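The entries follow in the order I checked them.

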Amino acid sequence: LEVEPEVERLFRDELDAMLRALAPFPSIVVWVPFNEAWGQFATDEILADVAHRDPDRIVDGPSGWKDTGSGQVRDLHVYNREAEWPEATDDRPQVYGEFGGLKLAIPGHTAVEKGWGYDACDSEQDFAKRYTQILETVEFLVPRGLAGAIYTQTTDVESELNGLLTYDRRRFKIAPEALAELHRRILAGRKAD
């Protein structure tokens with residue numbers, strides 16, 4: 001992708017500011033300079049620069065759609081197409097950088113009246129059931145080379161209603177205790193009830 005010089009300068013300045021500001025936080029384990037090809041340019045150069053500047057953290061290469069073979073992980077987004085999970089093409093671990101995308105709008109807790117998600121749920125019980133099913137599908141990918149998986153997002157954001165919490169962070173769509181138990185069971189290799 002060709003970008004205007006001013007756009008590239010702004011991107012690089014903001015990336016630099018982000019790296020400097022967030023470097024001290026140990027909770028950051030992966031840098032993701034590009035997500036799903038939105039504005040992606042000079043990919044290999046930028047990923048190499050981030051890895052050089054912070055050699056102690058993983059650099060995603062890039063998240064989602066337009067993998068160039070650089071970065072330290074191959075990050076796939078295959079919503080509802082898990083059967084298409086590809087064989088590894090290089091020695092980088094493969095991660096499911098976004099999965100789930102379950103939409104549940106809880107009235108009074110959204111930023112917009114109508115939003116979206118990949119699959120709509122009609123209740124918190126439906127959300128929990130569907131989340132469990134998706135986790136079991138993700139578990140199926142482990143023998144096929146899956147090294148990690150990240151649910152779409154922690155909270156709803158503006159028009160995306162596919163978080164685990166609402167936009168205002170006041171309601172959980174699935175109880176934290178139930179979520180923790182479900183993750184423990186899946187990680188232990190036991191099917192959820």
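**Entry 1: the largest pocket.** I noted at the start that the model is predicted. I looked up the largest pocket and found about 440 Å³ of space in it. I then asked which residues lie nearest its centre. They are Ser-63, Asp-75, Gly-97, Glu-98 and Ile-150, out of 23 residues that line this pocket.

Next I looked up where the lining comes from. Four strands, β2 (58–64), β3 (73–76), β4 (94–99) and β7 (146–151), each give two or more residues to the largest pocket. I wrote down β7 as the element that gives the most, with four residues. Sorted by class, the lining has twelve nonpolar, six polar and five charged residues.

**Entry 2: the second largest pocket.** Here I found about 340 Å³ of space. I counted 15 lining residues, and the closest to the centre are Leu-135, Val-138, Ala-149, Ile-186 and Leu-187. Which elements give two or more residues to this lining? I listed α3 (124–141), β7 and α4 (176–187). The largest share is again from β7, here with six residues. By class I have twelve nonpolar, two polar and one charged residue for the lining of the second largest pocket.

**Entry 3: α3 and α4.** Both helices give residues to the second largest pocket, and I checked how they pack on each other.

For the contact, α3 supplies Tyr-131, Thr-132, Leu-135, Glu-136 and Glu-139, while α4 supplies Leu-179, Leu-182, His-183 and Ile-186. Leu-135 and Ile-186 were also on my list for the centre of the second largest pocket. The contact of α3 with α4 has five nonpolar, two polar and two charged residues.

**Entry 4: α1 and α2.** I then turned to helix α1 (residues 5–22) and helix α2 (residues 43–53). Their axes come within 12 Å and cross at roughly 25 degrees. By the cut-off I used in the previous entry, α1 is therefore roughly parallel to α2. Is the crossing left-handed or right-handed? I have α1 passing α2 in a right-handed crossing.

On the α1 side, the contact is made by Phe-11, Arg-12, Leu-15, Asp-16, Leu-19 and Arg-20. On the α2 side, I listed Glu-45, Ile-46, Val-50 and Arg-53. The classes in the contact of α1 with α2 are five nonpolar, no polar and five charged residues.

Technical notes
Residues are numbered from 1 along each chain as its sequence is written. This is a predicted model: local features need pLDDT of at least 70, side-chain atom pairs count only at pLDDT 80 or more; totals for chains, interfaces and linings use all residues. Side-chain values use heavy atoms; hydrogens and water are left out. On a 1 Å grid over the protein atoms alone, a cavity is a set of points where a 1.4 Å probe fits but cannot get out, and a pocket is an open set with protein on both sides within 12 Å along at least five of seven lines; lining residues have an atom within 4 Å of a point. Grid points are joined across faces, edges and corners, and a volume is the space filled by probe spheres set on the points. Ala, Val, Leu, Ile, Met, Phe, Trp, Tyr, Cys and Pro count as nonpolar, Asp, Glu, Lys and Arg as charged, and the others, Gly among them, as polar. Contact means heavy atoms within 4.5 Å. Axes are lines fitted to C-alpha atoms, for helices over the stretch in contact, and angles run from 0 to 180 degrees between N-to-C directions. Angles under 35 degrees count as roughly parallel, over 145 as roughly antiparallel, 65 to 115 as roughly perpendicular and the rest as oblique. A crossing is left-handed if the near helix is turned anticlockwise from the far one by less than a right angle, and right-handed if clockwise.
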